[in-house]
Amino acid sequence: MAIIQATDTDFQDVLKSNERVVVKYFADWCGNCRLFSPKFKRMAANEEFANVAFLDVNAETSPEARKLAGVTNLPYFAVFKNGELVEGAATSKEDYVIEMVRKLA
């Protein structure tokens, strides 16, 4: 599944139309965010997560989406189920993000 680029404009719609969502909050100036991008793409392509929507949200241009997850640092990952925040964490550890996504299953 492709990664969905979301903004404040469509963030709520994406949450409503997907039961399970994982969001990567990033900023263009964030080196660790860029380094995590290929890992996030790999996760999105993983068959295990076929029923999960993967979103990229620019934290600087989407303040409402950022507030919904309580973003404190970047990169920040948040998992939502049925539109509700389940968990969020500022991390660059792929294993940690995978565990977060597995909790959605």
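In this model the link of C30 and C33 is right-handed, with 80° about the S-S bond. The model is predicted, so that local features need pLDDT of at least 70 and side-chain atom pairs count only at pLDDT 80 or more, while totals for chains, interfaces and linings use all residues. Residues are numbered from 1 along each chain as its sequence is written, and side-chain values use heavy atoms, with hydrogens and water left out.

**Disulfide**
- A search of the whole structure finds 1 disulfide (a pair of cysteine sulfur atoms within 2.5 Å), and this bond joins C30 to C33 with an S to S distance of 2.3 Å.
- C30 counts as buried because its relative accessibility is 4%, where buried means under 20% relative accessible area with a 1.4 Å probe and protein chains only.
- C33 likewise counts as buried, at 2% relative accessibility.

**Sheet**
- Five strands (DSSP runs of E, at least two residues) form an open sheet in the order β1-β3-β2-β4-β5, with mixed pairing, where two strands pair if DSSP finds at least two bridges between them.
- β1 (4-6) and β5 (84-90) stand at the edges, each with a single partner strand, so one side of each is left without a neighbour in the sheet.
- Strand β2 runs parallel to β3 (residues 53-58), and 6 bridges join them; Y25 has V57 as its bridge partner in β3.

**Residue R20**
- R20 lies in strand β2 (residues 20-26), and R20 counts as buried because its relative accessibility is 15%.
- Leaving aside residues up to four places away in sequence, R20 touches N51, V52, A53, F80, K81, L104 and A105, contact meaning heavy atoms within 4.5 Å.

How values were computed:
Helices (H or I, at least four residues) and strands (E, at least two) are DSSP runs, numbered from the N terminus. Buried means under 20% relative accessible area, exposed over 50%, partly exposed in between (1.4 Å probe, protein chains only).
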